[in-house]
Amino acid sequence: AWGRTAVAERARVVTAFADLVGARAEECARTMTRDTGKPVPQARNEAKATQTRVRYFASIAEEALREVTTSATPSMREVIRYEPLGVVANISAWNFPLFVGSNVWAPALVAGNAVLYKPSEHAVGTARLVADLWREAGLPDGLFGLVDAAPATGAFLAEEAAVDGIFFTGSVATGARIARAAAPRMVKLQLELGGKDAVYVADDVADVARAARGLADGAFYNAGQSCCSVERIYVHASVFDEFLEVFLAEVRSFSVGSEWDEGTYVGPLCLPRQPEFLRGQVDDALAKGAVALAGYGAPGEEDASSAMMMTPRHFPPTVLTGVARDTAAHREESFGPLVIVDAVSTDDEALHRMNDSPYGLTAAVYSASEDRAVGMLERLQTGSAYWNCCDRTSPHLPWSGRRNSGIGVTMSHLGIQTMTHPRGYHLSTPPSSPV
């Protein structure tokens, strides 16, 4: 019945959900902070952005799902109709528990599907609130099913559940297991699997200091726990010293502390095991010749780290340089407050090093010349490309990855259409009856 409901009515319910997120933004924010350790101000940003994003999906639904006549003659019309998949399984992530899920369940519902939502076991409170908000928005019963957050549930959804699409955000290893399980079932599959996102700061960058401050935010916002966090920065040698001075000053200015403190910029990591993982990456890099310029392993910064309001789940904002390509820090996603900064001599060297990764989510070039930047970005194997910006998503643009960063797409009109079966109709007009 929901799939046959008018798109305008489905969009009305999705818009009502967005309105509720806005009205209860503080509750949403504090629930996310309680779940994940995200600083409250950043959680408020997530709630606000989710409201805007969901409202946008609702606003473009009729246009995205409109029947398209591709050819018409007196005797034949050829038409594309976008018909719902049916039941969409969303196996979601903890790092942006409201934002990431909304990229799937809002387009899925407005396209006429039912949703089975398997949240991260680290974001159950947020998931329950989302389910409550859908009920309050007037979504008919049975269309948003919140299932158990245990990992075994995700395996069941991938391997056995009667679903028509599987949309997953998480690690490469888990994504590969889901792909193997889903392949014999021939269901729609979308995987967002993270990245090792790289940036190049060219010698003609318009404002070195502004680029340095923006990239510090891109690396350490949400404690670096973003799929598109900046993890590698390559700076042209002619501006490297100037860039590094401003970058390190900005990083050292970040307040590390309690997630409930309004002044905290870097809060605790969500996963208790993650600080030890990051220490392992840094120790490996240092043993192979890298130098820590700030944070963990940096000479003389032990006292500064101890003075921060840190718990066992915290990790200090850390900057490495001279990292060898065979290190874990260079090859593996860090997903924490850790970034590599190195100097390069040419655009070609920057491109080679940026592409030297099994991932392909986003890349950025900072340059005064759009032609130069876009020319470089076209040679990089990533799903998204940035000129003079980083670490951003937009509901107006598709979100996708290449290589180990995943397959499929969310967001934009394509993110709505991917929730459907496009069916081609060949409509032949019967001949006129003889008079």
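Student: Why is Trp94 called buried?
Tutor: This is a predicted model, and in it Trp94 has a relative accessibility of 14%. Buried means under 20%, so Trp94 counts as buried.

Student: What makes Trp94 and Phe335 an aromatic pair, and of which kind is it?
Tutor: Their ring centres are 5.6 Å apart, and the limit for a pair is within 6.5 Å.

Student: Where in the chain do Trp94 and Phe335 lie?
Tutor: Trp94 is in the loop between β3 (87-91) and α4, while Phe335 is in the loop between α12 (328-331) and β12 (338-344). The two are 241 residues apart, and the pair links distant parts of the chain.

Student: Is Phe335 buried or exposed?
Tutor: Phe335 has a relative accessibility of 16%. The cut-off for buried is under 20%, so Phe335 counts as buried.

Student: Why is the pair of Tyr296 and Phe315 called tilted?
Tutor: The planes of Tyr296 and Phe315 stand at 45 degrees, with the ring centres 5.7 Å apart. Stacked requires under 30 degrees and edge-to-face over 60, so this pair is tilted.

Student: Which parts of the chain does that pair link?
Tutor: Tyr296 belongs to the loop between β10 (291-294) and α11 (302-307), and Phe315 to the loop between α11 and β11 (318-321). They are 19 residues apart.

Student: How many aromatic pairs does the whole structure hold, and which residues do ring pairs link into a cluster?
Tutor: A search of the whole structure gives 15 aromatic pairs. Ring pairs join Phe17, Trp105, Tyr117, Trp134 and Phe144 into a cluster.

Student: What makes the charged end of Lys38 sit over the ring of Phe96?
Tutor: The charged end of Lys38 is 4.0 Å from the centre of the Phe96 ring, against a distance limit of within 6 Å. The term also requires a position within 35 degrees of the ring normal. The charged end of Arg81 likewise sits over the ring of Tyr425, 4.5 Å from its centre.

Student: Which residues lie nearest the centre of the second largest pocket?
Tutor: Phe96, Phe99, Cys228, Asp391 and Thr393 do, out of 20 lining residues. The volume of this pocket is about 410 Å³. The largest share of the lining, 5 residues, comes from α3, and by class the lining has 9 nonpolar, 6 polar and 5 charged residues.

Student: What is the volume of the largest pocket?
Tutor: The largest pocket holds about 970 Å³ of space. It is lined by 36 residues, and Phe168, Thr169, Gly170, Ser171 and Thr174 are the closest to its centre. The element α7 gives the most to this lining, with 6 residues. The lining divides into 17 nonpolar, 12 polar and 7 charged residues.

Student: Why is Ser384 called buried?
Tutor: Ser384 has 11% relative accessibility, and the cut-off is under 20%, so Ser384 counts as buried. Ser384 is found in strand β14 (residues 384-387). Leaving aside residues up to four places away in sequence, Ser384 touches Leu361, Thr362, Ala363, Pro398, Trp399 and Ser400.

Notes: Residues are numbered from 1 along each chain as its sequence is written. This is a predicted model: local features need pLDDT of at least 70, side-chain atom pairs count only at pLDDT 80 or more; totals for chains, interfaces and linings use all residues. Side-chain values use heavy atoms; hydrogens and water are left out. Helices (H or I, at least four residues) and strands (E, at least two) are DSSP runs, numbered from the N terminus. Buried means under 20% relative accessible area, exposed over 50%, partly exposed in between (1.4 Å probe, protein chains only). Contact means heavy atoms within 4.5 Å. On a 1 Å grid over the protein atoms alone, a cavity is a set of points where a 1.4 Å probe fits but cannot get out, and a pocket is an open set with protein on both sides within 12 Å along at least five of seven lines; lining residues have an atom within 4 Å of a point. Grid points are joined across faces, edges and corners, and a volume is the space filled by probe spheres set on the points. Ala, Val, Leu, Ile, Met, Phe, Trp, Tyr, Cys and Pro count as nonpolar, Asp, Glu, Lys and Arg as charged, and the others, Gly among them, as polar. Rings of Phe, Tyr and Trp (its six-membered ring) pair if their centres lie within 6.5 Å; planes under 30 degrees apart count as stacked, over 60 as edge-to-face and the rest as tilted.
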